[in-house]
Amino acid sequence: MNNYKHIGKDFVPPDIVGKVTGKAKYAEDFRADGMVFARLYTSPMAHGRVIGIDTSALEGMQGIVGILTADDVPAMEAPNAAILTNLPVYIGDPILAVAAEDEKTAEDAIARIKVHIEPLPFTVDPLDSLVEGGPNAREEGNVFARSSEGSGFRTIKWSAEQIADFRAGKEPTGEWVHEWGYGDLEKGFADASVVVEEPFVTIGYAHMSMEPRTAMAYWQNGSCYVYGSAQSQSFWIPGLARLLGVEQKDVVLISENTGGGFGSKIGAYPIAALPGWFSKKIGRPVQLRITREQEYYIGSARVGFQGWIKMGFATNGRITAADVFIVEDIGPNATGGDGSSAGGAISLVYDPGAMRFRGVPVLTNTTPRGAQRGPGQNQIAAVMAPLMDKAARQLNIDRLEIRRINAVNNDTTVYEEQEPVTSAYMKEALDKGADMFGWTGKSKRPKRDGNKVIGLGIGQGYHSAGATGFDGLVRITPDGVIHLHSGVGNLGTYSYAVTTRAAAEVLKCDWEDCVIERGTTEANLPWSSYQAGSVSIFTHTRANYVAAMDAVEKMKQIAAESLGGAASDYDIDGKQVFNVRNPRQAMSYGAIAARAIQLGGPYSGAVYPDDIHEITKRSVQNLAGSGLIGVAKDNLEQKGVIPGLACAFVEIELDLETGKYEILDYVGVAECGTVVHPQGVAAQMKGGAVWGMGMAATERHVYDPQNGLPANVGYHQCGIPTYLDTPLHVRTAAVDLPDPQNPFGARGIGEPAMGCSVAALMSAISDALDGHVFGRTPVSPDMIINHVAGREQSFEPLQTNNY
Amino acid sequence: MASYDVMPDVQLFQPASIDDALNLAERYGRDGWILGGGQDTYGWLKDRAKQPKAMIDLNGIESLRGIRQRDDGVEIGATTTLREIMRDETINADYELLALAAGRVASPQIRNAGTLGGNLVQDARCWYYRRGLACYRAGGNICYADSPEGMNREHCVFGASRCVAVSPSDTATAMVALDATMVVQSVDGERQLPAARFFKGPDTHITQMTALRPGEVLTAVRLPSSWAGSRFYFEKVADRNVWDFALVSIAVALKIDDGIVSDSRIVCGGVACTPHRLRHVEKALAGKAPGAETAELLAPLASEGAKPLNYNHFKLPLLENLLRRALRA
Amino acid sequence: MEIVTYKEDVWGREVILGVSWDLLWLAIVVPFVLIALHAVYHAIRKGSGRPSSSGERVSRHDRIDRLFHWIMAVSVFALLITGIFPIIGLNFSWLTLHWVAGIVLTVVVAFHIVRSLFWQDLKSMWIAPSDLKELTDAAHKPGKYSLAQKSMHAAVAVLTLLVVASGLVLFALIDTPWWERSNALSEDTLGLVFLLHGLSTLALIALICLHVYFGLRPEKLFYLRSMVSGWISRDELSANHDPKRWAPEKSA
Amino acid sequence: MNSILSRRRFLKAVIASGAAAATHTGLSSAVAAAGDGSGGKGAVERLLSVTINGQTRRVDVLPQETLAYTLRYKLGLTGTKIGCNRGECGACTVLIDDIPNYSCSTLTHSVRSRAVLTVEGLQGEDGSLHPVQQAFVEELAPQCGFCTPGQVMAAVGLLKDNPRPTREEARLALSGNLCRCGAYDNYLNGVMRAAGGNS
């Protein structure tokens, strides 16, 4: 369809061979001369105050090198997570660290240290804190509202009746802190011929990336070298510098490979700064490898929802109004903001005529929450799917049709401000998926065979998928090699490499002539966006595009300067700049680069644009004189919301006797504009599918409300889906229609890939159970068994962080 | 409660003969840890929740490994791996129930290293207990799981006595269903127990899962020929199909003479602190023909006498359903 | 040797677990040492001739009180066996037997308290300063109960009440046909209750050893008989009691 | 650029000495370990030879040391990853006598007389990739790559045991390896490709 040289073509990312051979280095694989090993002591109490630390038992122990406590590190302003704290707000909150010659000795020391902690009131369920007389997760209050008008703690209590009514499925009448909406809600419901109204719960759960976040650090002539487990590269620097209390120029981040992030390593997190502080204190390199259990504690988790939603549908299935209220479980550090994003997702994916979002973010003494693959969008996707089915049944419309009729398209306006979208082809995605899946045929087949029931589900996923204003940097050296500098982190999506191919495309060069400079600040990287929110592809194909265009323009100018004529007389191809009228009048890229060094100024990087980020400026300064520099900030036009969209069709065979189901067929379709990297998109769609399967079936936080203990601290209990919990085949496809606001038509896809999966499964389970809506994730076998047996569920309505 | 994951100091013995092993077991008593595949050992030790002075590794003892024919059945050495059992011809031919059960244990790598002995004597999986809390089972004076708001979805519905943990072993149910004999040795000699008396509940043995005394080693199990080639059924329902322990499992052996059940063993896992034998169902089944009708008739008996906790009453219908399936099959 | 054992609570803080059962042997050995000493002492110092059990009989214990005593004795032994044997490694299903025996003990103790308050002569068991003369002046004879008997009773009474009270608290925390178990007590309080239950049990074991010994002493055997059949002889009465202070009526 | 080079050298120098450091303190703690009941019949020797990737290496190993620890901390073979250190993820999978095992749940002393194969031992003399590695590259199987060495070893173990597995057999054989990125389908495609079947 296009005749690109690189865009839309598969390739071998340079780091993948290291991954299959074990040569790829992750933070914990680095060793430094004289390095010592640190271990953490974390809080055994959900909320408390450290009143004494007794380390006397360590006296005379061999191999102990040092102890780091909260007094040795900067205090963070509440509710932000601390590096180390004397006021733990969740079980697992880091209190101190010990460094020793080897990990066992460090653990021996940890085992002997006595920490005296005075317990404080705690809560593990937002509604337990919201109810009058209920405990607050922090002494400052039980609610933390983040907003542009100013953030702050609040104490909000609902009456017992209000909580009871909420649990009973009635519209919440308690106080809320966030509200937005558009259109005439009342009219919307008045025009509706069918109204569905349901309470819902989505339990949060841990990210549990494969690599427990390790960091190693040492100081070398004033700079702190940090070997970290980072989702983003350049984006980490400002935060890391702040945590280490140094200037950005004095931080070197080495992050060649990262064992997964999923939102939990977007920016520099406090614990990544611990080795730096420890190393400063004891004067030796320090590596902190945390345990899997500690990764559960510190490694962040998805925000939980307890909510209520009401939607009105016109006879043709069009959504006339949507009203949603969400109580957010934001953990102790007030991270998240998923609620409003969920509202935004409703407005974009289902485009209600009118809508209102109300929310109250409540603090709990559970693990800190953070962005997790589709934060908000994916929780609400799971909630919405069975409700769309319910409405379709009541309206007697096909479940595919009701989604098509509400599908987001190029004319849809979204969010409170009713902004336009850059482009959106959900209808096309649905049609493609329905066709691959064979929706019409499958929905006609008989459902029931003994105790086995077939369930068909459709899910839709969304996340905004792009940003602008970041920098691109390319460099051509006299040897003709094209250096593509990527400040994009390597968390496993290969977008660090995929996005540089935009520059290769513009420079019309072979991939073999390109070298990607990445993985360490010292590779002189440009300022980059975070590698999250599905933004990298849109954002950094643009950044690489503008940098490459800058390089091309400079090459033409140099050619004109050396060979005569005007820059406009020249064009590039085959690693040559040539005169369009007299192609023999040409210079190789190498010669151009050599000439650029002689000319200096903007050509060699001695001069650079003012509007690029200080990080990019520093890189250019270091690179100046080493070749021809193409550097620019992405100032290309950008209007409206950039949607990453996906839909999924799933067929399950549910066993009514065991409550288990097998996924017989899964089709995921990506709508991410032009596909830049087909294998990459497929990988994201498949990975997202598995994440959805985990959220739908097994993954959840479980806390004992009596003592605040977490039940699911290990990989085993967390219920990460395995090979045998996922289908034997996963089929994916992409719509592949270009987005007008990206030079290559590309948008991102990482997060919608999951939302469509969990939604499709919720839809399929409901379908298998004659439209029963659990209104809850996960739906575990016991819930299905109890439902089929006509028994009460074990938990009370809207209970969360429970079995 | 700190979190650890490095093996702490502990002595390791790798005796080559059973006598050396028994002497070490005697010498160390409660401070000795008998090591099979180690798959339920290293976690305890890394967590420092159990702190034995020495590990006594049985894997170097040839006589404890392998599957041997006997005139009254087969004998399986305690350190025979689950992988070897799954792949053994005799077992698959005559005692498929055990092969099926072994095949549903944890994960391939754990089955590759894990031994039958280790799988049979493995410790309870109650998450409170595994956290290293000083509960009844850990010698304390309280149960955290069986409390007004305790998170006890995976706990027992039968045979609780202060502790409400369940028997996690997949092969234990098969052992009881096959009337296996457990061969236990110590420096004082050998004793043999029927599987049904090998597994102990908290009413009598609250801090251990089996009748093994300090210094004793489970060296082999014997499967009698009486159940060889019976009609077997094994099913395990767990949240995930890898790693996870049974929410409820069932191991069934039926002797059928011209279409009529003459004798049967019906044993359930995940519902009691020991493999839970449904004797009353076995009685009721005698003289009936297996099939949908009998299944429907007897299924409700399965959960008789069950006392569910806050979060596990789903185990009652699940147990009934598994019995239904077993008798229908 | 430690008296108290400790454990970590749910949040890793050190709390009392209960009594250290290493003390068990102490609770056995100590009384037997005393018994030995007493026996030797008695053997050396020749006692005066034993009073005859024949002749007129006077009533010492009503049937109902004898019944109480023996029910109590049985329940106490049941409690000790079900409580202590599992600790010394004799495993059996003890818990239900234990609390059932505990209820029996509680009921009879309650009955005894009520009866002694309203239908019996409470003073007869009261330790008065004058009783101390018995220690110094052999001529000074006691009323119905000797100082030794009174002291034994007092000690047993206190310990029994302690063990029953703590037992009832623990009973309230386990599953029974009437209620579900709960963790109503904080772990440190729970530890204290277990400690109290354990300590009073150990002390009772010691006292019971002594009680049994004295019950079986030849010169005191008639007291045991009286606890079985109710009567003692006039001789035994005058030899051991002061008729002015205790004048029982003739027994049937 | 200079600083990079210097750092590279600096790091290279260190894998060894880092190991040395660990070994050294190993000794002090091992005294404690041996302090009790050692010397009894069957007590293990601290110094042992292990055959890893075809080479026999002398290494000082604590009695309680796991194979994953020895590989990563003593021998610098960091291709074997520790994801959970509990036998719950499979990232540390290695082959022992051709059978996949969790090296985090294997005592180094128990492999004394056995052949250990880690991900570092798969490439040919000429550095050519093992068919499984090659197939995983072609299928873009790894995402974050942290579970990949374990997936590779499980797959190699399968093909040694069953050169022509069905997709279902492959799925069972690899089921002891978690992939949080959810690349299961790609890994299975890779195994089938390596087995010569079409994915």
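## Salt bridges within chain A

A:Glu171 and A:Arg356 form a salt bridge whose closest N and O atoms are 3.4 Å apart, a salt bridge being a side-chain nitrogen of Lys or Arg within 4 Å of a carboxyl oxygen of Asp or Glu. This pair links distant parts of the chain, since A:Glu171 lies in the loop between helix 4 (160-167) and strand 8 (178-182) of chain A, while A:Arg356 lies in strand 16 (residues 354-362) of chain A, 185 residues apart. Helices (H or I, at least four residues) and strands (E, at least two) are DSSP runs, numbered from the N terminus. A:Glu171 is partly exposed at a relative accessible area of 31%, and A:Arg356 is likewise partly exposed at 21%; buried means under 20% relative accessible area, exposed over 50%, and partly exposed in between (1.4 Å probe, protein chains only).

The model is a predicted one, in which local features need pLDDT of at least 70 and side-chain atom pairs count only at pLDDT 80 or more, whereas totals for chains, interfaces and linings use all residues. Residues are numbered from 1 along each chain as its sequence is written, chains are lettered from A and ligands numbered from 1 in the order in which they are written, and side-chain values use heavy atoms, with hydrogens and water left out.

A further salt bridge joins A:Arg731 to A:Asp665, with the closest N and O atoms 2.7 Å apart. Here too distant parts of the chain are linked, from strand 30 (residues 731-734) of chain A, which holds A:Arg731, to strand 29 of chain A, which holds A:Asp665, 66 residues apart. A:Arg731 is partly exposed, with a relative accessible area of 30%, whereas A:Asp665 counts as buried at 9%.

## A salt bridge from chain A to chain B

The side chains of A:Glu657 and B:Arg328 meet in a salt bridge at 2.8 Å, N to O. The pair crosses between chains, from the loop between strand 28 (643-655) and strand 29 (661-671) of chain A to helix 13 (residues 315-328) of chain B. A:Glu657 is buried, with a relative accessible area of 9%, while B:Arg328 counts as partly exposed at 33%. Over all chains, the count by this rule comes to 104 salt bridges.

## Where chains A and D meet

In this interface, 73 residues of chain A are in contact (heavy atoms within 4.5 Å) with 65 residues of chain D. The area buried between chain A and chain D, meaning the accessible area (1.4 Å probe) that two parts lose on being put together, summed over both, is about 5,900 Å², of which carbon and sulfur atoms give 58%. A:Arg31, A:Met210 and A:Tyr723 supply 16% of the area that chain A buries against chain D, more than any other three residues.

The rule finds 5 salt bridges across the interface of chain A and chain D. The side chains of D:Arg72 and A:Asp29 meet in a salt bridge at 2.7 Å, N to O.

## A covered helix in chain D

Helix 4 of chain D is mostly covered, with 12 of its 14 residues buried. The buried residues include D:Thr148, D:Pro149, D:Met153 and D:Leu159.
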